[in-house]
Amino acid sequence: PIRQPMKQFAPAVLAIVAGLGIGAPELSAQRQTVEALPSFKSALDLVTIQASVRDRRGRPIGGLTAADFDVLDNGHQTPVVSLSFDRDAPVSLAVLVDMSGSMRLGEKVDMARHAFDSVLAQLQEGRDEVAVFTFDSALHERRGFTTDLRQAGDALDEFEPFGTTSLYDAAAATARRLSDRSATHKAIVVLTDGLDTTSRLSAREVSDLASAIDVPVYVVATIPSVDQRALLQSTARATAASATADLRDLADWTGGQFSFASTTVETLAAVTQVIVELRQQYVLSIEAGAAAEWRKLDVRVRRPAALVRARSGYFGG
């Protein structure tokens with residue numbers, strides 16, 4: 001662990017990892033050779049897709065080849081140009097932490113700090129990279145992208161919640177920062193109480209941006225159970241009334257995931273699952289459509305009961 005407070009939660013993290021089915025034999029079989037299929041042009045404009053594949057019990061499905069995947073681009077099947085699966089490939093994470101006034105309530109700040117410690121504890125020094133951002137009505141860079149994890153360890157030491165929440169705007173700006181990173185697996189991890197009050201961008205606009213540059217957004221809402229129910233009710237009413245989207249849609253459309261966490265252990269479990277999932281993703285490439293338009297993607301696997309989570313589309317042209 002990078003920071004001292006994580007020591008007391010080490011047994012919980014180990015239990016979480018064990019529960020996710022990550023054993024020593026599996027970790028030793030880390031890499032599958034990149035499978036490249038014949039090109040149809042001398043040069044291709046490629047779209048990269050990070051895809052998580054699990055069975056109905058939530059267990060990752062390994063050993064897939066390009067022939068196991070069907071990728072529909074605007075409803076039409078398109079060939080998979082390349083496919084790779086490498087658990088040793090670098091990870092690039094942007095951790096985005098809510099520092100608005102609503103985070104003052106209860107133990108939200110402490111839970112966010114513990115979740116951040118858990119993220120750092122699972123990354124590989126010198127190989128994986130992390131950047132730390134906080135947001136209220138604006139985005140604040142606490143630490144730029146670095147593979148020196150110790151340098152990032154104290155990024156939240158002077159964490160003082162204040163102001164309004166512009167979560168969607170912050171997610172959009174962070175996605176732009178990730179767009180030029182070279183790591184195989186990239187993602188935004190958002191630690192928030194789930195309440196957005198002042199963003200100028202809608203969830204759909206942000207998910208379009210994030211999906212266009214292949215950045216899955218994982219949202220961990222660290223709020224007490226009673227607040228969970230209130231949030232679910234309020235977002236359902238708001239979504240029905242305005243035909244807009246909420247944070248769950250933002251996560252789904254980008255190929256990420258939304259989860260609630262009411263305790264420190266639940267928070268650690270949610271964050272641990274994010275890192276484990278990133279390392280088990282397949283990375284596919286397809287030829288991009290030539291038309292300058294938003295193109296819908298549907299990624300499927302030819303296996304019974306296989307569930308795929310991937311980006312919802314991209315901009316062609």
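This section describes the secondary structure, cores, sheet pairing and selected residues of one protein model.

The model is predicted; local features need pLDDT of at least 70 and side-chain atom pairs count only at pLDDT 80 or more, whereas totals for chains, interfaces and linings use all residues. Residues are numbered from 1 along each chain as its sequence is written, and side-chain values use heavy atoms, with hydrogens and water left out.

The protein contains nine helices and 15 strands. Helices (H or I, at least four residues) and strands (E, at least two) are DSSP runs numbered from the N terminus. Of the 317 residues, 51% count as buried; buried means under 20% relative accessible area, exposed over 50%, and partly exposed in between, with a 1.4 Å probe and protein chains only. Contact is defined as heavy atoms within 4.5 Å. Among contacts between residues at least 6 apart in sequence, 82% join residues at least 24 apart.

Helix H3 (residues 108-122) has 15 residues and should span 21 Å at 1.5 Å a residue, in agreement with the 21 Å between its end C-alpha atoms. The expected span is 1.5 Å times one less than the number of residues. Of the 15 residues of H3, 13 are buried. Helix H9 (264-279) has 16 residues and reaches 23 Å from its first C-alpha to its last, close to the expected 22 Å. Twelve of the 16 residues of H9 are buried, including Thr-264, Glu-277, Leu-278 and Arg-279.

A nonpolar core is a set of buried Ala, Val, Leu, Ile, Met, Phe, Trp, Tyr and Cys residues joined through side-chain atoms within 4.5 Å. The largest such core has 28 residues, of which Leu-93, Val-95, Phe-116, Leu-123, Val-130, Leu-191 and Leu-278 touch the most other members. Two or more residues each are given to this core by strand S6 (91-98), H3, strand S7 (129-135), helix H4 (149-152), strand S9 (185-192), strand S10 (217-222) and H9. The largest share, six residues, comes from H3. Leu-278 is in contact with Gln-50, Val-91, Leu-93, His-185, Lys-186, Ala-187 and Tyr-218, leaving aside neighbours within four places in sequence. A second, separate core of 25 residues includes Ala-170, Ile-188, Val-206 and Leu-247.

Thr-174 is located in helix H5 (residues 167-178) and is buried, with 0% relative accessibility. A polar atom of the Thr-174 side chain lies 2.8 Å from the backbone oxygen of Ala-170. Not counting residues up to four places away in sequence, Thr-174 touches Ala-94, Leu-96, Phe-133, Leu-139 and Ile-188. Ser-100, in the loop between S6 and H3, is likewise buried at 0% relative accessible area.

Strands of a sheet pair through backbone hydrogen bonds, in either a parallel or an antiparallel sense. Two strands are taken to pair if DSSP finds at least two bridges between them. Four strands form an open, antiparallel sheet in the order S4-S3-S13-S15. Strand S4 (76-78) and strand S15 (313-315) are the edge strands, each pairing on one side only. On average, neighbouring strands of this sheet are turned by 35° against each other, direction ignored. Five bridges join strand S3 (residues 69-73) to strand S13 (residues 294-301) in the antiparallel sense, and Asp-70 has Arg-300 of S13 as its bridge partner. Helix H6 (residues 203-212) lies across S13 and S15 and runs at about 80° to S15. Axes are lines fitted to C-alpha atoms, for helices over the stretch in contact, and angles run from 0 to 180 degrees between N-to-C directions.

Strand S2 (residues 46-54) is largely enclosed by the rest of the structure, because seven of its nine residues are buried. S2 pairs with strand S12 (residues 282-287) in the antiparallel sense over six bridges, in which Ala-51 is partnered by Tyr-282. S2 also runs antiparallel to strand S14 (residues 307-309), to which three bridges join it; Leu-307 of S14 is the bridge partner of Arg-54.

Two residues other than glycine have a positive phi. Asn-74, in the loop between S3 and S4, has a phi of about 55° and is partly exposed at 31% relative accessibility. Ala-305, in the loop between S13 and S14, has a phi near 65° and is partly exposed at 34% relative accessible area.

Terms used: Polar contact = N/O pair within 3.5 Å; in protein donor to acceptor, adjacent residues only side chain to side chain.
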